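Student: I am new to this structure. Can you show me how to read its features one at a time?

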Amino acid sequence: MSGAEAVSVETETGAGSVHAAGPVQETGEIFDVTRVGSYLQFTVVAPGVARAFQPGQFVAVAVGGPHTSMLLRRSFALYGVKPGGEFAGTIQFVVAVHGPGTEWLAGQRPGTRLDLVGPLGVPFPIPREAVPAVLVGGGYGTAPLLPLAERLLALGSEVEMIVGAARADRLFGELQAKRLIGKVTVTTDDGSAGQLGRVTDPLPSAIERLGAEIVYACGPMAMLAAVGEVARAHAVPAQVAVEEAMACGIGVCMTCVLPVRGSDGVSRFVRSCVEGPVFEAGRVRWADVGTLPADLHGADGMGR
Amino acid sequence: MADLSTSLGRLRLPNPVLTASGCAAAGKELSQFFDLAEIGGVVTKSIMLRARSGRATPRMAETPSGMLNSIGLQGPGIDSFLAHDLPWLKQTGARAVVSIAGGHTDEYVTLAKRLFNHPVDLIEVNISCPNVENRGQVFACDPIAAGRVISAVRRAAHPNVPVFAKLSPDVTDIGVIARAVTDAGADGISLINTMLGLEIDLDTLRPALAGVTGGLSGPAVRPVALRCVWQVHKSVPHLPLLGMGGIMTGQDALRFLLAGASAVSVGTAVFHDPSAPVRILRELDAELDARGFGSVADAIGFAHKSAEQQAELLGRPVETVPA
């Protein structure tokens, strides 16, 4: 079995190679469910997923119980991962209820056993040495940035975080972020918390103040595109994690593709589950998401 | 423990559980979860002559006990497949069933010729993908067109490699299509491909898939698939069938064998449970044992027999299995 595969990642701040161990499928017991704003934070005992975790990776959770009519797994970004020690390893993920699958999850209590596959996906590339970094989270997209911030701080990097949402109850992780790094700016679209506006409003000054050499982000597609644009204007690379609908999470179904420009200049539909969810923002053709651009590799083979 | 070996034409398999085309890529991803050589075989995603981007997103919609997909046969093209995917798959020790798809007969023939000198265990001819340009006019809906493609591929392919025709359930009489491809020289039939379906997104008030319609798969189609296997087995009883459509458990797999399939493909179940093929194989083994079947061969088409014939073959009346 091909357990481990080397995943090579590059950033402008230095090329590195992350050796990500392969995903495992395991049954994990829910240890705790806590309401956080309009979200639910799940803590699940999952030593296999916890063992190989890198920030940016996600877990695919089967929903609906043994005879479910919902066949597709739901994918959640991982954070709060505690590798095994005295106690078995645990993972955390945050659930926003917006359909029957997440509704089912929201009804589960500690003790329920979940069928998990993870950790999945390419993690955030970590610079080899300390570099100033700005992290931008939209809604529950803040979750995967928390372990990333920890990793960057451990390297000695100066880190600032911008956390935004449509309104106060849609914010996630701002307290944890404050505890972790202190410098956190909160924005809401309606001004119900922090400053009124978008995460991209305070981003330019944060980049300038810090002399940031990299921007990381996770959140809705439009936010990631906007963050990428601000970073580009400042000539800073942006590594962003997308939240794209996936059917399998493991790279076999081909449903979660995005148009992405490769290092060879050729654009392709790439799977956000195994070739992402983390992409360099400038490589993703945000404006073309949901279309079939004529210059995409293989578009001429579609018989149009 | 029952003898699990089976045959698809001249191809002998150690057991009757394979992956399904389009649900296992070319095996690599699933090899993280189980040993590919352990199952009957890996059926690759349909490969075409040229690289294909596939359709725009959204490409998928979950539906009750199933899903719709409209991928549009995204793939690297035959050259890349032969250079990278097939050699990798074969070095795992897996049996490689290569699915091919094309826009016209010539394309299928070229693909079969390209595969001639490569280690292919079986060719599954996808003449029924609903996500191609001429939707609803796929080859598998027309007995003459279906027969033309299959006879051309049979002539072009290596004589030792079985050629299976993959049929669509979206036809008036699947037995007619089955006889047409049999007359054209098919060594067997794979069935069913997905059924054409539609979902409407209530946020956008428009079709949920960018491609508008998509192929329905999963347990929602299982009774349709089982009916098709039943009818085709009646229509061409001597021909080996590779049955598929919503198989989630060993019991489901057994139903397909009893209806006349010599082996089964596990497709959408993999999205739910990446180790489904090996789990289903284990479960099938236990289900055969529980009913006193000494072999897979004994179970194939068993549901077509009269109660008297069944009792004679089993050496006792068929009983319900104690719960």
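Predicted model: local features only at pLDDT ≥ 70, side-chain atom pairs only at ≥ 80, totals over all residues.

Student: Is A:A235 buried or exposed?

Tutor: A:A235 is exposed, because 9 other C-beta atoms lie within 10 Å. Its place is in the loop between α6 (221-233) and β15 (238-241) of chain A.

Student: What is the phi of A:A235?

Tutor: Most residues other than glycine have a negative phi. In A:A235 phi is near 55 degrees, a positive value in a residue that is not glycine.

Student: Where is B:A25 placed, and what is its phi?

Tutor: B:A25 sits in the loop between β3 (17-19) and β4 (42-43) of chain B. Its phi is near 50 degrees, again positive in a residue other than glycine. B:A25 counts as buried, because it has 23 C-beta neighbours inside 10 Å.

Student: Which residues does a cis peptide bond join in chain A?

Tutor: The general idea is that most peptide bonds are trans. In chain A, a cis peptide bond joins A:G276 and A:P277, with omega about 10 degrees. A:P277 is found in the loop between β17 (267-271) and β18 (278-280) of chain A. In chain B, B:L191 and B:I192 are joined by a cis peptide bond with omega about 15 degrees. B:I192 belongs to the loop between β10 and β11 (195-198) of chain B.

Student: How do I read the overall form of chain A?

Tutor: Compare its radius of gyration with the value for a compact globule. For 304 residues that value would be near 19 Å, and chain A has 19 Å, so the two agree. The C-alpha atoms of chain A fill a box of roughly 55 × 50 × 35 Å along the principal axes. Chain A has six helices and 18 strands, and 51% of its 304 residues count as buried.

Student: What share of the contacts in chain A joins residues 24 or more positions apart?

Tutor: Among contacts with a separation of 6 or more, 65% are between residues 24 or more positions apart.

Student: How do I read a helix, for example α5 of chain B?

Tutor: Set its reach against the expected span. Helix α5 of chain B covers residues 222-235, 14 residues in total, and reaches 20 Å from first C-alpha to last, close to the 20 Å expected at 1.5 Å a residue.

Student: Which residues is B:L254 in contact with?

Tutor: B:L254 lies in helix α6 of chain B. It is buried, because 26 other C-beta atoms lie within 10 Å. Beyond its neighbours within four places in sequence, B:L254 is in contact with B:L284, B:E287, B:L288 and B:A299.

Student: How many residues of chain A are in contact with chain B?

Tutor: 33 residues of chain A are in contact with 40 residues of chain B. On the side of chain A that touches chain B, the residues divide into 20 nonpolar, 12 polar and one charged.

How values were computed: Residues numbered from 1 in each chain as written. Chains lettered and ligands numbered in written order. Contact = placed C-beta atoms within 7 Å. Nonpolar A, V, L, I, M, F, W, Y, C, P; charged D, E, K, R; others polar. Helix = DSSP H or I, 4+ residues; strand = E, 2+ residues; numbered from the N terminus. Expected span 1.5 Å × (residues − 1). Rg over C-alpha atoms; globule rule 2.2 N^0.38 Å. Buried ≥ 20, exposed ≤ 12 C-beta atoms within 10 Å, placed from the backbone.
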